[in-house]
Amino acid sequence: QVQLVESGGGLVQAGGSLRLSCAASGSISFNFMVWYRQAPGKQREFVASISSDRTTNYANAVKGRFTISRDNAKNTVYLQMDSLKPEDTAVYYCYTRTDLPYWGQGTQVTVSS
């Protein structure tokens, strides 16, 4: 079983930056890790992913502004978010899957205009 804990959310002005962290309870060296987000009244959507060999993929809406990375020694995945926009406001979730899907509790990101 894997427990995921997100942190780093908060309130920031448009154009600002935040770095989210997703700390896992055990080794994630071989895990495919994903960030999702869910805005009020909307469905949860894909943001970015990183494979065990550090191949990354991004949603078009965040490409060029967000960077996903991982530190396997710390069992942690990061999401660096730059040039934030009000439409980035959402709860951000970390996700992985082994035998079962695992989600974190989410961290709120609010971008003011």
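**Salt bridges, core and disulfide of the predicted model**

Glu45 is partly exposed, with a relative accessibility of 37%. The structure is a predicted model, in which local features need pLDDT of at least 70 and side-chain atom pairs count only at pLDDT 80 or more, while totals for chains, interfaces and linings use all residues. Residues are numbered from 1 along each chain as its sequence is written, and side-chain values use heavy atoms, with hydrogens and water left out.

Glu45 takes part in a salt bridge with Arg37, and the closest N and O atoms of the two are 2.6 Å apart. A salt bridge here is a side-chain nitrogen of Lys or Arg within 4 Å of a carboxyl oxygen of Asp or Glu. Three salt bridges are counted by this rule. Arg37 is buried, at 6% relative accessibility. Arg37 also pairs with Asp88, and here the closest N and O atoms are 2.9 Å apart. Asp88 sits in the loop between S8 and S9 and Arg37 in strand S4, so this bridge ties together parts that are 51 residues apart in sequence. Strands (E, at least two residues) and helices (H or I, at least four) are DSSP runs numbered from the N terminus. Asp88 is buried too, at 0% relative accessibility.

Asp88 has another partner. Its side chain meets that of Arg65 in a salt bridge of 2.8 Å, N to O. Distant parts of the chain are again linked: Asp88 is in the loop between S8 and S9, Arg65 is in the loop between strand S6 (56–58) and S7, and the two are 23 residues apart. Arg65 counts as buried, with 10% relative accessibility. Through shared partners, the salt bridges join Arg37, Glu45, Arg65 and Asp88 into one network.

The analysis next turned to the nonpolar core. Such a core is a set of buried Ala, Val, Leu, Ile, Met, Phe, Trp, Tyr and Cys residues joined through side-chain atoms within 4.5 Å. The largest one holds 29 residues, of which Trp35, Leu79, Met81 and Tyr92 touch the most other members. Two or more residues come from each of S3, strand S4 (33–38), strand S5 (45–50), S7, S8, S9 and strand S11 (107–112). S3 contributes the most to this core, with four residues. Contact means heavy atoms within 4.5 Å. Setting aside neighbours within four places in sequence, the contacts of Tyr92 include Trp35, Leu79 and Met81. Arg37 is also among the residues that Tyr92 contacts.

A search of the whole structure finds one disulfide. The term denotes a pair of cysteine sulfur atoms within 2.5 Å. Cys22 and Cys94 form the link, with their sulfur atoms 2.1 Å apart. The link is left-handed, at -80 degrees about the S-S bond. It connects distant parts of the chain: Cys22 lies in strand S3 (residues 18–24), Cys94 lies in strand S9 (residues 90–97), and 72 residues separate them. Both Cys22 and Cys94 are buried.

Strand S9 also holds Thr96. Thr96 is buried, with a relative accessible area of 0%. A polar contact of 3.0 Å joins its side chain to that of Asn31. A polar contact is a pair of N or O atoms within 3.5 Å; within protein, one must be able to donate a hydrogen and the other to accept it, and residues adjacent in sequence count only if both atoms are side-chain atoms. Leaving aside neighbours within four places in sequence, Thr96 also touches Val2, Leu4, Phe32, Met33, Pro101 and Tyr102.

Backbone angles were examined as well. Most residues other than glycine have a negative phi. Asn75 has a positive phi, near 55 degrees. Asn75 is in the loop between strand S7 (66–71) and strand S8 (76–81). Ser83, also not a glycine, has a positive phi of about 50 degrees. Ser83 belongs to the loop between S8 and S9. Ser83 is partly exposed, with a relative accessible area of 43%.

Gly8 lies in the loop between strand S1 (4–7) and strand S2 (10–13). Gly8 is partly exposed, at 32% relative accessibility. Beyond residues up to four places away in sequence, Gly8 touches Leu18, Arg19, Leu20 and Thr107. Gly8 and Thr55 are 23 Å apart, C-alpha to C-alpha, and 47 residues apart in sequence.

Technical notes
Buried means under 20% relative accessible area, exposed over 50%, partly exposed in between (1.4 Å probe, protein chains only).
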